[in-house]
Amino acid sequence: MAGVTWAGTASAAAPTPTKVTAPYAQAAAVINSDGSINRAKGIANVTKPATGRYCVELEDKDLDLTKLTPVATLQYTSFEYGIRISFWPHPECGGRKDTIHVITGMPNKWQDLAFSLVVP
């Protein structure tokens, strides 16, 4: 079951996301701005350590972020905003090799924005 953790709180149960059809992806998801999972395949959990920051944990613990090429795209926003993903284990996500760190918004103005993520 997917959960969302807000900074300073325990993990709260969230509705089980809809499974997606992504036969050639190891993992894929549409993640809402609040960190809840809209629909997903191969995603264990999403946490939000801060505004505009997300930690997307992969179900397959054998997948190593340093050997993957994840791709993220913002959903329903203007072109002035950006999305960034870390290709290395990030301290904000506990340094876990199975967790992708995603940042949305603009430098010095991070914002909670919905996005999609694919791990081919």
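Which backbone oxygen does the side chain of Ser86 reach at 2.7 Å? The side chain of Ser86 reaches the backbone oxygen of Trp88. The legends below start there.

This is a predicted model, in which local features need pLDDT of at least 70, side-chain atom pairs count only at pLDDT 80 or more, and totals for chains, interfaces and linings use all residues. Residues are numbered from 1 along each chain as its sequence is written, and side-chain values use heavy atoms, with hydrogens and water left out.

**View 1**
Ser86 sits in the loop between S9 and S10. Strands such as these are DSSP runs of E with at least two residues, and helices are runs of H or I with at least four; both are numbered from the N terminus. Ser86 has a relative accessible area of 15% and is buried. Buried means under 20% relative accessible area, exposed means over 50%, and partly exposed lies in between (1.4 Å probe, protein chains only). Ser86 touches Leu65, Ile100 and His101, not counting residues up to four places away in sequence. Such a contact means heavy atoms within 4.5 Å. Pro70 is 16 residues from Ser86 along the chain, and their C-alpha atoms are separated by 9.2 Å.

**View 1. The disulfide of Cys55 and Cys93.**
A disulfide joins Cys55 to Cys93, with an S to S distance of 2.0 Å. The rule asks for a pair of cysteine sulfur atoms within 2.5 Å. By this rule the count is 1 disulfide. Cys55 lies in strand S7 and Cys93 in the loop between strand S9 (82-85) and S10, so the pair ties together parts that are 38 residues apart in sequence. Left-handed or right-handed? The torsion about the S-S bond of Cys55 and Cys93 is about -85 degrees, so the disulfide is left-handed. Cys55 is buried at 2% relative accessibility. Cys93 is buried too, at 3%.

How many residues of S7 are buried? The count is 6 of the 6, so S7 is largely enclosed by the rest of the structure. Both faces are covered. Arg53, Cys55 and Glu57 are buried on one side, and Tyr54, Val56 and Leu58 on the other. S6 and S7 pair in the antiparallel sense over 5 bridges. Two strands pair if DSSP finds at least two bridges between them. Val46 stands opposite Val56 in S7. S6 and S7 form a hairpin with 2 residues between them. Gly52 in the turn has a positive phi of about 70 degrees. S7 also pairs with S10 in the antiparallel sense, over 5 bridges. Here Tyr54 stands opposite Val102 in S10.

**View 2. The largest nonpolar core.**
In soluble globular proteins, nonpolar side chains tend to be buried together. The largest nonpolar core here has 22 residues. A nonpolar core is a set of buried Ala, Val, Leu, Ile, Met, Phe, Trp, Tyr and Cys residues joined through side-chain atoms within 4.5 Å. Ile43, Val46, Val56, Leu58, Ile100, Val102 and Phe115 have the most contacts inside this core. Elements that give two or more residues to the core include strand S4 (27-31), strand S6 (43-50), strand S7 (53-58) and strand S10 (99-106). Leu58 touches residues including Ala27, Ile43, Leu63, Ile100 and Val119, not counting residues up to four places away in sequence.

**View 5**
S12 is mostly covered, with 4 of its 5 residues buried. S4 and S12 run antiparallel and are joined by 5 bridges. In this pair, Ile31 stands opposite Phe115 in S12. S8 and S12 also run antiparallel, joined by 4 bridges. Thr73 stands opposite Ser116 in S12. Gln75 is found in the loop between S8 and S9. Gln75 is buried, with a relative accessible area of 19%. The side chain of Gln75 makes a polar contact with the side chain of Ser116 at 2.9 Å. A polar contact is a pair of N or O atoms within 3.5 Å; within protein, one must be able to donate a hydrogen and the other to accept it, and residues adjacent in sequence count only if both atoms are side-chain atoms.

**View 3. Confidence along the chain.**
The protein averages a pLDDT of 86, and 82% of the residues score at least 70. pLDDT is the predictor's confidence in each residue, from 0 to 100. Over residues 1-12, pLDDT stays under 50.
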